[in-house]
Amino acid sequence: MAGFVPPPSPNLDAAHIAAIYQAKAGLIRVGMILSLFGITGYTALIGAISAQLWRISGISRLGPYLQLGAGAIGVLTVMFPTMIFAIAAFRPERDPNLTQLLNDAGWLIIIPAFPTFIAQFGGIAAAVLQDQAPMPIFPRWCAFFNIWVAILFIPGGFSYCFRTGPFAWNGLLAFWGAASAFFVWLLVMTWLTLHAIQNELKISS
């Protein structure tokens, strides 16, 4: 709705960036509001994953707590840029240089935010790999899947250095690779977590 897939090129000048926000101000505002609702669901998923990881007996508590803590911080690295984009669209008539600054700030917070996600996915992997139960809470391949997704987030960190190419914030590795991996992660972890909750309910009944 906001027209941010793919993101506007970091190589655009202030006038072009301002023109985007002026032409789509209403859609950007509504799109960011919907994004904030979506973040609510992601927050709930983080809590549900942690609840299931805490069911794993005989393991270090580091993994579950790391998933919860890093996941909570990760929510902010998505929520703050969403708000910044909405702020940029709130007064699209402002100085184009200020609109460009806000746009830069939004993308250069959300795209390079790999540390929290590496910690979160690493915490999941660490907990799952320690689960030695005959019927583990999460399958063992879930750990390696989370490690692989975490690796795909790393190129985003280089977006501070590039305005074009695969490491730019709209590039093949920094954006498309990480965004695609995160979308798949949401689908896979939602399915696995719901399955784990169903098994928990069967055991308790």
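These legends walk through a few views of the predicted model, from the whole fold to single residues.

Because the model is predicted, local features need pLDDT of at least 70 and side-chain atom pairs count only at pLDDT 80 or more, while totals for chains, interfaces and linings use all residues. Residues are numbered from 1 along each chain as its sequence is written, and side-chain values use heavy atoms, with hydrogens and water left out.

View 1. Read from the N terminus, the order of elements is α-α-α-α-α-α-α. Helices here are DSSP runs of H or I with at least four residues, and strands are runs of E with at least two, numbered from the N terminus. The C-alpha atoms fill a box of roughly 60 × 30 × 20 Å along the principal axes. Of the 205 residues, 40% count as buried, a label for under 20% relative accessible area; exposed means over 50% and partly exposed lies in between (1.4 Å probe, protein chains only).

**View 2. The largest pocket holds about 940 Å³ of space.** Its lining comprises 31 residues, and Val78, Ile110, Phe175, Ala179 and Phe182 lie nearest the centre. Helices H2 (25–53), H3 (62–90), H4 (96–110), H5 (114–130) and H7 (172–204) each bring at least two lining residues, with H7 giving the most, nine. A pocket is an open set of points on a 1 Å grid over the protein atoms alone, where a 1.4 Å probe fits, with protein on both sides within 12 Å along at least five of seven lines; lining residues have an atom within 4 Å of a point. The volume is the space filled by probe spheres set on the points, which are joined across faces, edges and corners.

**View 3. Gln120 sits in helix H5.** Is this residue, Gln120, buried or exposed? Gln120 counts as buried because its relative accessible area is 0%. Beyond its neighbours within four places in sequence, Gln120 is in contact (heavy atoms within 4.5 Å) with Tyr42, Ile46, Leu66, Gln67, Ala70, Gly71 and Trp185.

**View 4. Lys24 lies in the loop between helix H1 (14–23) and H2.** Lys24 counts as partly exposed because its relative accessibility is 35%. Setting aside neighbours within four places in sequence, Lys24 is in contact with Ala2 and Gly3. For Lys24 and Pro92, which are 68 residues apart along the chain, the C-alpha atoms are separated by 9.2 Å.
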